[in-house]
Amino acid sequence: MLCTNLIRQKRDGGELNAEQWKQLISGFCDGSVSREQMAAMAMAICIRGLSDQETAHLTAEMLGSGSRLPRVTDRPRVDKHSTGGLGDKVSLILAPLLAAAGCDVPMISGRGLGRTGGTLDKLESIDGFQTSLSIEQSSAVLRDVGAFIVGADESIAPADRSLYALRDVTATVESVGLITASILSKKLAASLDALVMDVKVGTGGFMPTLDEAESLATRIVQVAEKSGLPTTAVLSDMDQPLGEAVGNAIEVNETIAILQNQPRNPRLDSVRQLTIELAAHALVEVGKATDLDAGKRLLDGLIQNGRAYEVFEEMVTAQGGRLPTAVSGDPLRLERAQEITAASAGWVSHIDCPAIGDAIIMAGGGRRRGGEKLNHRVGVRMLVRIGDHVEKGQPLLRIHDDNTKMASPETWIQISDVAVPASPLIIKTLDASGHQLPPTV
């Protein structure tokens, strides 16, 4: 079967059957299907889409291209995955938090895709932190700590590993089918008991509209259910960055501030609330909490008593990282700061998330092509949120960029002369059966 025929079939709107997906993915893994051909197929998929059945076939082939992680304890295994967005550092908080609650969290994460930052890139801001561990090494960390965050081992869904890198540099990220298959192939390989999805809605993620986000959430829940993995999907706001920090080291600093339960900053409440919401769903699914409210109380207590931060430190150390000993200020070093102030008084009505994401990439905080080395110290700190009232001259944001490569930061935030309502954090929740639950935040 010629790969060019498969590309042509998908390009023209056709559906590939199970055998065709098997030949395509196995060929991509053994080299008989070239990277150029797979990039063309990814573009055809991105334009034409995948049916539910095709998505299930692709997920199964990506999963079958590699190994599964072994279970190493009798603790329930849970994980969370986000579709990605500006300032989304939830994984860094949630993994140690759920481990502190008595779960195993074998988190297989990725690098930045498009404008959205990658969890692995953020963690590599920490001196010595190793995101590449063998299955034996990661299993030892899981046994001792209860959580790890790593990239996919070469034996875990290797087809997805290769396709993931192609998508980042060929403008083929925004595909419901590809996103679903990529996420679930890795999560199924982690041998989970439950998964919670954070599907971002807005201009700061890959699903700008509620209809698109709901389509992705429904697809993930349905394919996961067919695969035997109970999955809850939370649709959350991404029309503005989550929390204050956007970047790599700067988001680790914000993670540490939240886990250390530092004096409450209202702009960080969205990060804390969303993390606890997602983690509570996972606890309920595996019987670690009787209901969502009980789960939230347990998780909030683990942050307040310091246990969640202790587990974070243990995880960082177990993965070779060395956290600075500074007790005040930013633990990880950032580039020199420059503040942008409001030209007039009014209410924050819009934040240009694409412009912020692109600016960070241009300043070296993200990749324009595969293999680029990042400047982890580049970042942006948002000092206002949509709906806030500001005075003329009030700081709106702080950019960390010594080389001043971030273009036109004064245009990123729009001010209205009429009041603007704050955006809701949780928009919609779908349970493992695909039923809608009322928002709780």
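Figure 1. Leaving aside neighbours within four places in sequence, Asp 160 is in contact with Met 62, Ser 182, Ser 185 and Lys 186. The model shown here and in the other views is a predicted one. Asp 160 belongs to helix α8, which covers residues 158–169. Its relative accessibility is 2%, and because buried means under 20%, Asp 160 counts as buried.

Figure 2. Asp 79 is part of strand β1. Is Asp 79 buried or exposed? With a relative accessible area of 0%, Asp 79 is buried.

**Figure 3. The open sheet of five strands.** The strands follow the order β1-β4-β5-β13-β14, and their pairing is mixed. Which strands lie at the edges? The edge strands are β1 (78–82) and β14 (436–437), each of which pairs on one side only.

**Figure 4. Strands β4 and β5, with the helices that pack on the sheet.** Strand β4 (residues 194–201) and strand β5 (residues 231–237) run parallel and are joined by seven bridges. Within this pair, Met 197 stands opposite Ala 233 of β5. Helix α10 (residues 210–226) packs on the sheet, where it touches β4, β5 and β13 (426–430). The direction of α10 makes about 165° with that of β5. Another helix, α9 (residues 176–189), lies across β1 and β4. Helix α9 runs at about 165° to β1.

**Figure 5. The crossing of helices α2 and α3.** Two packed helices are described by the angle between their axes and the distance between the axes. For helix α2 (residues 18–30) and helix α3 (residues 35–48), the axes come within 10 Å and cross at roughly 140°. The two helices are therefore oblique to each other. The crossing in which α2 passes α3 is left-handed. On the α2 side, the contact is made by Trp 21, Leu 24, Ile 25 and Phe 28. On the α3 side, Arg 35, Met 38, Met 41 and Ile 45 make the contact. How do the contact residues of α2 with α3 divide into nonpolar, polar and charged, and how many are in each group? Seven are nonpolar, none is polar and one is charged.

**Figure 6. The covered helix α5.** How many residues of helix α5 (residues 90–100) are buried? The helix is mostly covered, with 11 of its 11 residues buried. Among the buried residues of α5 are Val 90, Ser 91, Leu 94, Pro 96 and Leu 98. Gly 102 follows α5 and has a positive phi, near 100°.

Figure 7. Ala 279 is found in helix α12 (residues 269–285). Why does Ala 279 count as buried? Ala 279 counts as buried because its relative accessibility is 0%, and the cut-off for buried is under 20%. Not counting residues up to four places away in sequence, Ala 279 touches Leu 94, Leu 98 and Leu 299. Leu 94 and Leu 98 are among the buried residues of α5. Val 90 is 189 residues from Ala 279 along the chain, and the C-alpha atoms of the two are separated by 9.9 Å.

Notes: Residues are numbered from 1 along each chain as its sequence is written. This is a predicted model: local features need pLDDT of at least 70, side-chain atom pairs count only at pLDDT 80 or more; totals for chains, interfaces and linings use all residues. Side-chain values use heavy atoms; hydrogens and water are left out. Helices (H or I, at least four residues) and strands (E, at least two) are DSSP runs, numbered from the N terminus. Buried means under 20% relative accessible area, exposed over 50%, partly exposed in between (1.4 Å probe, protein chains only). Contact means heavy atoms within 4.5 Å. Axes are lines fitted to C-alpha atoms, for helices over the stretch in contact, and angles run from 0 to 180 degrees between N-to-C directions. Angles under 35 degrees count as roughly parallel, over 145 as roughly antiparallel, 65 to 115 as roughly perpendicular and the rest as oblique. A crossing is left-handed if the near helix is turned anticlockwise from the far one by less than a right angle, and right-handed if clockwise. Ala, Val, Leu, Ile, Met, Phe, Trp, Tyr, Cys and Pro count as nonpolar, Asp, Glu, Lys and Arg as charged, and the others, Gly among them, as polar. Two strands pair if DSSP finds at least two bridges between them.
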